[in-house]
Amino acid sequence: MPHHSRFAIYYVPPRHAPLYQFGAAWLGYDGYSGEPLQPVCDVADWRGITEEPRVYGFHATLKPPFALAEGATVDRLIDTCRVFAAKPRAIPVITPKVDAIGGFLAVVPSSPSAELQQLAADCVRDFDGLRAPLTEADRARRRPEALSAPQRDYLERWGYPYVMDQFRFHMTLTGRLPEPRRDALLAQLQQSFAELAIDHCAIDRIVLCQQQDRAPFRVIGEFQL
């Protein structure tokens, strides 16, 4: 395993699902193959506005990226994924839509889901024993001075500020955009997404992804809930 290797537990739609095809084509990256995709849009600033999310692939974060703790192994992480997936649970079902969230655009649920919040919280807890402690560089990168008190607490406890009640399920499509650009692109993406006519999406799987050095994240395991 490379020295600089990170892992994450994501929701990634199945490779041939229309939702995944939409997101992967927009970002220009296939996280299953690890290969770039030719852009399918005519947006002039496409490369710049998708540069940041392209590194992570089309996904929704359940357990944020982490380095393995000392003594932990990839095999143990895979076993933990299998055990987690085998636990009985209510499968969240959402109606996806494209919307603005925190200055960027993403696929998000049309309405809140308690089952989805619970799934994400369970992922954060159940995989935390395999996570290496937060480094000072990681902590500084999260700018704790700009976080709320609960978010700072979560950063220290779980290594990431936007978990538990601060979690919002989203599948990122762009980096942060100025408001006029964001509004114009939102209308365009909403129209494209509406053409897919996706009326529901079951969050019925977790996907283990790995980033080696600074390469984009890639799928290394799929586990049906």
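## Cysteines

Let's start with the sulfurs: the structure holds 0 disulfides, a disulfide being a pair of cysteine sulfur atoms within 2.5 Å. The sulfur of cysteine 123 has its closest cysteine sulfur in cysteine 81, 8.3 Å away and too far for a bond. Cysteine 123 is buried, at 0% relative accessibility, while cysteine 41 is partly exposed at 25%. Here buried means under 20% relative accessible area, exposed over 50%, and partly exposed in between, with a 1.4 Å probe and protein chains only.

This is a predicted model, in which local features need pLDDT of at least 70 and side-chain atom pairs count only at pLDDT 80 or more, while totals for chains, interfaces and linings use all residues. Residues are numbered from 1 along each chain as its sequence is written, and side-chain values use heavy atoms, with hydrogens and water left out.

## The nonpolar cores

In soluble globular proteins, nonpolar side chains tend to be buried together. The largest nonpolar core here has 57 residues, and Trp26, Val107, Phe169 and Ile206 have the most contacts inside it. Such a core is a set of buried Ala, Val, Leu, Ile, Met, Phe, Trp, Tyr and Cys residues joined through side-chain atoms within 4.5 Å. Helix 1 (residues 18-27) gives the most to this core, with 6 residues. Another core lies apart from it, with 6 residues that include Ala121, Tyr154, Trp158 and Val163.

Helix 1 is mostly covered, with 8 of its 10 residues buried; among them are Leu19, Phe22 and Trp26. Helices (H or I, at least four residues) and strands (E, at least two) are DSSP runs numbered from the N terminus. After helix 1 comes glycine 28, with a positive phi near 75°. Beyond its neighbours within four places in sequence, valine 107 is in contact with residues including Leu19, Phe22, Phe58, Phe169 and Phe193, where contact means heavy atoms within 4.5 Å.

## Aromatic rings

The structure holds 8 aromatic pairs. Rings of Phe, Tyr and Trp (its six-membered ring) pair if their centres lie within 6.5 Å; planes under 30 degrees apart count as stacked, over 60 as edge-to-face and the rest as tilted. Phenylalanine 84 and phenylalanine 127 make a tilted pair, 5.5 Å centre to centre with 45° between the planes. Because phenylalanine 84 lies in helix 3 (residues 74-86) and phenylalanine 127 in the loop between helix 4 (114-126) and helix 5 (136-141), the pair ties together parts 43 residues apart in sequence. Phenylalanine 84 is buried at 1% relative accessibility, and phenylalanine 127 is buried at 0%.

Tyrosine 160 and tyrosine 162 form an edge-to-face pair, because their planes stand at 80°, with centres 5.8 Å apart. Ring pairs also link Tyr10, Tyr56 and Phe217 into a cluster. Arginine 89 lies over the face of phenylalanine 84, 4.4 Å from the ring centre, and arginine 54 over that of tryptophan 46, at 4.7 Å. For a charge to sit over a ring, NZ of Lys or CZ of Arg must be within 6 Å of the ring centre and within 35 degrees of the ring normal.

## Arginine 218

Arginine 218 is found in strand 11 (residues 218-224) and is partly exposed, with a relative accessible area of 41%.
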